[in-house]
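Reader: I want to learn how to read helix packing and pockets from coordinates. Can we work through one case?

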Amino acid sequence: MDRRSFLNRTGIAMGAGIGLPALSAFERITHPEVFDNDVPANWDDLRDMFQLESGKIHMALMLLASHPRPVKNAIARHRENFNNNPAEYWENNFMTAEPRVIAAAAEYMNADPSEVALTDSTTQGLGILYTGLKFKEGEEILTTTHDHYSTEKALEFGAQRSGAKIRRIDLYDEPSQVSADEVLSRIKKNINPKTRLVAVTWVHSCTGVKLPVKKISGLIRELNSSRAEEDRIYFAVDGVHAFGLDNIDIQDLGCDFLAAGTHKWLFGPRGTGILFAKKDAHDMVIPVIPAFSAAYGEWLGVVPKDQLNFSYLNSPGGFHAFEHRWSLDEAFKLHMNTGKENIAARSKKLNTMLKEGMSKMAHVRLLTPVSDEYSEAINCFEVDGLSPDETVKKLHEKKIVASSSPYRKSYARLTPCVINTEEEVKYCLKALEELA
């Protein structure tokens, strides 16, 4: 293969992509020539796509998803071809494989492909973003006490390089009673002339609280209207625990940056993720890891620098587990075929049922708001007389796979997703009642 010739064409090839129609109902299944034939007709069909251990109720898939059949089959096809002839299979496919995945991700999010970079995880996306942002010494990052280790450390690493200052605030005192007014007023109160970034997590895996991200975007947009462009406040979101559940439209959401792993609620291949950056925020990010894209062609002198975009520059290069990365588009297809609206509604139904049942138990303290406006699918709770790990162990004894939150203050968690059933939720509630 003539590498210089290939790389000279990469910019055109990567910008083209494919279009994936947005579906909202099961009966609107797309033509098989566009999507994988293996599409669900109902929730039982979707459940049957997963090779989950029988006899157990899986209420912790928010940690790491099982691969659904279309994803598993795609991985197997790529793996077989790589094992048969790795060099030629890579050379024959790497020009089109990642652009196809990026186009699917962009369609799912309602973004432009140039705004979407591929990563290996939420953590990698946050690391690329927060260590690559152009801060000046003395400028300020406003973040919260509710964020994950990955956000805290990535921000610290970036601040150490730039000399920026980090300020962490509480957005609420009692998670079950959180409100948009409380969150917005605390953010607004703590923004000052030196604030250049507001960094939050959309759904807190420590409490289950879902922040009103769209309203926070509106607040920041309002504050920016009276600022010079060089003093603009940027808004970044760790979106992993809404990505694949919420009916996401990134344009409507309004944030400048969003990082998410796609191997959780989206049911994508393990070791995959995305990083979104709005077009007018691209210049704020300095690449951290060399990319194997049109950026390589620019280094060779065959691609003009002005043709490079955020996606080209910030999808980390090197050799990956390509059989996983190149199969990610199947997860986006499965969600689009099922319907983002359907998935959001099903998730809300199951989780509302669980939360309403838990809130009626005197021996259970539900940390997560019952309202789906302020929660998604992570339900954190305490059981009288039991530590989080003891609660999880007792649920495991009842064949319920639960988890505990990995924070300084930990809680037990049950996290139903769309492959669970109403009967499974009722069984979990019965098991909780028996822990009284």
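Author: Start with handedness. This is a predicted model. In it, H8 crosses H9 in a right-handed sense.

Reader: At what angle do H8 and H9 pack, and how far apart are their axes?

Author: The angle is about 35 degrees, and the axes lie 10 Å apart. H8 covers residues 180-190 and H9 covers residues 213-224.

Reader: Which residues of H8 and H9 meet?

Author: H8 brings Ala-180, Val-183, Leu-184, Ile-187 and Lys-188. H9 answers with Lys-215, Ile-216, Leu-219 and Glu-222. Sorted by class, this contact holds 6 nonpolar and 3 charged residues, with no polar ones.

Reader: Take H6 and H7 next. Are they roughly parallel or roughly antiparallel?

Author: Read the angle against a cut-off. Angles under 35 degrees count as roughly parallel. The axes of H6 (residues 122-132) and H7 (residues 149-162) cross at roughly 25 degrees, so H6 and H7 are roughly parallel to each other. Their axes come within 8 Å. The crossing of H6 with H7 is right-handed.

Reader: Which residues make the contact between H6 and H7?

Author: From H6, they are Thr-123, Leu-126, Gly-127, Tyr-130 and Thr-131. From H7, they are Ser-150, Thr-151, Ala-154, Leu-155, Phe-157, Gly-158 and Arg-161.

Reader: How do H15 and H17 cross?

Author: Apply the angle reading again. H15 spans residues 340-359 and H17 spans residues 422-433. Their axes come within 10 Å and cross at roughly 20 degrees. H15 and H17 are therefore roughly parallel. Their crossing is right-handed.

Reader: What does H15 bring to H17, and what does it meet there?

Author: H15 contributes Arg-346, Lys-349, Leu-350, Met-353, Leu-354, Gly-357 and Met-358. They meet Glu-422, Val-425, Lys-426, Cys-428, Leu-429 and Leu-432 of H17. The contact of H15 with H17 has 8 nonpolar, 1 polar and 4 charged residues.

Reader: Which helix gives the most to the lining of the largest pocket?

Author: Helix H7 does, with 4 residues. H7 is also the helix whose axis comes within 8 Å of that of H6.

Reader: How do the residues of the pocket lining divide by class?

Author: The lining of the largest pocket has 8 nonpolar, 4 polar and 10 charged residues.

Conventions: Residues numbered from 1 in each chain as written. Predicted model: local features only at pLDDT ≥ 70, side-chain atom pairs only at ≥ 80, totals over all residues. Heavy atoms only, no water. Axes fitted to C-alpha atoms, helices over the stretch in contact; angles between N-to-C directions. Helix = DSSP H or I, 4+ residues; strand = E, 2+ residues; numbered from the N terminus. Parallel < 35°, antiparallel > 145°, perpendicular 65-115°, else oblique. Left-handed = near helix turned anticlockwise from the far one by under 90°. Contact = heavy atoms within 4.5 Å. Nonpolar A, V, L, I, M, F, W, Y, C, P; charged D, E, K, R; others polar.
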